[in-house]
Amino acid sequence: MKTRTKAVVIGGGIAGCSTLYHLTQEGWTDVVLVERNELTSGTTWHSAAQVTNFGMNQTMVGLKTHSINLYKELAEDPDYPINYHHGDGGIRLANTQEQMQGYRHFASMARGMDVHFEVIDAEECARRHPLISTENLLGGLWDPLDGDIDPAQLCQALARRARKAGAEVYRNTPVTALTQHSDDTWTVHTEQGDIDCDVVVNAGGYRVNEVGAMTGVHHPVASMEHQYFLTEDIPAITEAGHRMPLLRCPISDYYCRQEKNGLLLGFYEQGCKTWGMDGIDPNFVNALCPDDLDRVTDVLEGAFARMPALMETGIRTVVNGPITYTIDGAPLVGPIPGKRNAFCIIGLRAGLGEGGGHGWLLAQQIVHGEACYDTWCIDPRRFTGHTNVELTALKAIEDYQNEFRFHFPHEHRPAGRPAKTTPLTPIMAAEGAEFTTVNGWERVDYIKPDPEFHPSLTFNFDEAFDCVAAEVANVQGNVGLCEVNGFNRIEITGKDRHAFLDRMICGTVTKRPGRVGLGYLLNDHGMIKAEATIANIPASDRGPDRVWYGSAAASEYHDMDWLRAHLDPAEDVQLRSLTNDQTIVVLAGPKARAVLSAAARGDWSAAAFPWLSLRECFIGYAPATVMAVSFSGELAYEIHVPNASLYAAYLALRTAGEAFGLQLFGARAVESMRMEKGFLHWKADLLTEFDPFETGLDRFVKLDKGDFIGRAALMGRVADGPRKKRVTLDIAATHAPARGGASLMQGDTVIGTITSGDWGHRVGRNLAYAFVDPLFSAEGTEMLLDLCGDLVPATVIPDAPYDPGFDRLHA
């Protein structure tokens, strides 16, 4: 066995085998996989192994397409062919118009990845799958490339190709400990000896947290018992003359596919059961849980009603085994938070179907630092410290119970709520707030007109539209107050803090005391990595000269890891997270200055406290740091307050605001207003797939300022010219916004993809951001938006249609 290698992958299921193979494809051939038993002896061996193209976003569709193409290539390898039923087709059923509308959106989104779904009616569903009844059925989504694969053969084929490229696989080699050294390399201790390596990968399947504990990390992954059975032969299948399409049914919570001349039928019962919460037997290998068909009786009844032929056949085999879920149902593939040179590929509840793509994207991240797609939707750092075992289990149960029910826009499922709150959360609830969640934080979405107000789940504008319009109108004409909790805040101290930031940020770094600026961080490929507000706080009794680095709430772990990774030991720079210590209260509107002046001592006039100023003060008697910045496009102030004083500051502002008609507003109003101002959201419009020039951030880039991370790569990209350009669009529809991922068309050609969309209440226009082919980026260019199956005109307009001169910010 080797004693030194570049990377050690721990786990021999689909996740580990795919990662090992793809590392060799990316150029790392001195790599090793260690497996405690035999390959596929965990969850992989009993997987139902369905291979679909369906995904909730373009990254998921892209990685699944890679899986399908790879598996087809493996199946056709004359030296080692594997069993892959490619292109049987599959149907996701629906019995509501809202589900059908959602399928039309997903078809629009997939089209941009050159994946072609078809939305079909109930009769066509039955024609393609003759075993189903059309009772209580409206239609479904057809995936022509759906299929299934032999899990053991697939993993062996990947391992075989990896070995041929130079990788080594060590079976029956349990890992006993992991040690990280001062140079961030690792030693993997096994029962067969130690292996030193640069990188470790946790691909531990349902033993993920046994491996995680060796690195001092808990991963938000829980296992669920999952049952399926194999039927005896069904005559109608034998007589059909073709393989039956796969079926996924959100109506009755089951799926089925053909298995020989019978069916494999799997269940997602409401009375589901977690597994392994208190530890896993070391001898649980190639093993199953006891059968428990009583638990799935209700699901089985629904399956009988949909497929009457099931009542005329017997059960040949029952399988009940553990599968892993994360806290939001999507896998964790990427860097492990807080650790250097450590990655994971875990929580793959549909591992066989999409594992090829996950290993592909992970290998790119390990070797090149970034993948070809923005991988935030599967990034392990999208969750932070609130994701404990108990919360993860609650969310895993909820996701299991809703396996085939996609999330609607503005749908916030109840399990694990609330996870993170501030002293204002119950106050806002008493004021009638409806909440959304941001990285676990309960944040006001909008103020309800009455306690029984419950908008529909729809891809159209919902009944909260008028509530949001009223909040925006009050901010525009008067003054509003909004709580922004969970905002990522990193305090940077030390005499070299600005030199450090100058190296990290691609533009000018604000250095003047008491001033605030906006900057963008690039990755090594010259693409957008992060967006940060840089606030210079002069020394006071609250602390030394320091910088507050502020960014999106979801970026808490992501940005800290990036900054720490680039600290130079020779520099005097210290980083400290304040994210969970302070909360922002925003005052916005033309009367915001008057409210602030009534609540805090000092001169708050435009001359004394101009735009982009910063000042420490007291709101009433609550210590606060005020910044003259705005995400709404109106005169506004961010008031940063320690959580211990937050309620006191809130009361002072509400009291001061009584004379000026102050009202609350929420995140939906902010979303509408930022669209009107050309302001971008991280991981909606700011993506690692595009550079700052493609994103329209030219004014924030200073190529001549000296070296910064990503500069050399960006210079090369400038020479090559843009591949895409971000544009603002006016959508000719009043019933629905453009949803992220929707395709933009010229004839039959996809020329772009929507990243954000919302109604601009102040300009009275349906607005969207999109990345399009540069040939179609000029103002006035017309195209068609595939809006849930309807082709709607869209026109490129100037950015910031509301107050383009930014006069209102300086009022």
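Trainee: At about what angle does helix α14 run to β28?

Mentor: Keep in mind that this is a predicted model, where local features need pLDDT of at least 70, side-chain atom pairs count only at pLDDT 80 or more, and totals for chains, interfaces and linings use all residues. Residues are numbered from 1 along each chain as its sequence is written, and side-chain values use heavy atoms, without hydrogens and water. Helices (H or I, at least four residues) and strands (E, at least two) are DSSP runs numbered from the N terminus; axes are lines fitted to C-alpha atoms, for helices over the stretch in contact (heavy atoms within 4.5 Å), with angles from 0 to 180 degrees between N-to-C directions. Helix α14 (residues 556-565) lies across β24, β25, β26, β27 and β28, and its angle to β28 is about 170°.

Trainee: Which strands stand at the edges of that sheet?

Mentor: Strands pair if DSSP finds at least two bridges between them. Here five strands form an open sheet with antiparallel pairing, in the order β25-β26-β27-β24-β28. Two of them have a single partner strand each, so one side of each is left without a neighbour in the sheet: these are β25 (516-522) and β28 (574-577).

Trainee: Which residue in β26 stands opposite leucine 521?

Mentor: Let's look at the pairing first: β25 and β26 (residues 528-537) are antiparallel, with seven bridges. Within it, leucine 521 faces a residue of β26, namely alanine 530.

Trainee: Which residues of α12 are exposed on its other side?

Mentor: Buried means under 20% relative accessible area, exposed over 50%, and partly exposed in between (1.4 Å probe, protein chains only). The buried residues of α12 are Cys467, Val468, Glu471, Val472, Asn474 and Val475. They span an arc of only 160° around the axis (taken from the directions from the helix axis to the C-beta atoms), which puts them on the same side of α12. On the other side, the exposed residues are Asp466 and Gly477.

Trainee: Is glutamine 50 buried or exposed?

Mentor: Glutamine 50 belongs to strand β3 (residues 50-51). Beyond neighbours within four places in sequence, glutamine 50 has contacts that include Gly147, Tyr255 and Gly353. Its relative accessibility is 15%, so glutamine 50 counts as buried.

Trainee: And what is the C-alpha separation of alanine 659 and valine 595?

Mentor: Alanine 659 sits in the loop between α16 (646-657) and β33 (663-664). With 68% relative accessibility, alanine 659 counts as exposed. Along the chain, alanine 659 and valine 595 are 64 residues apart, and the separation of their C-alpha atoms is 8.5 Å.
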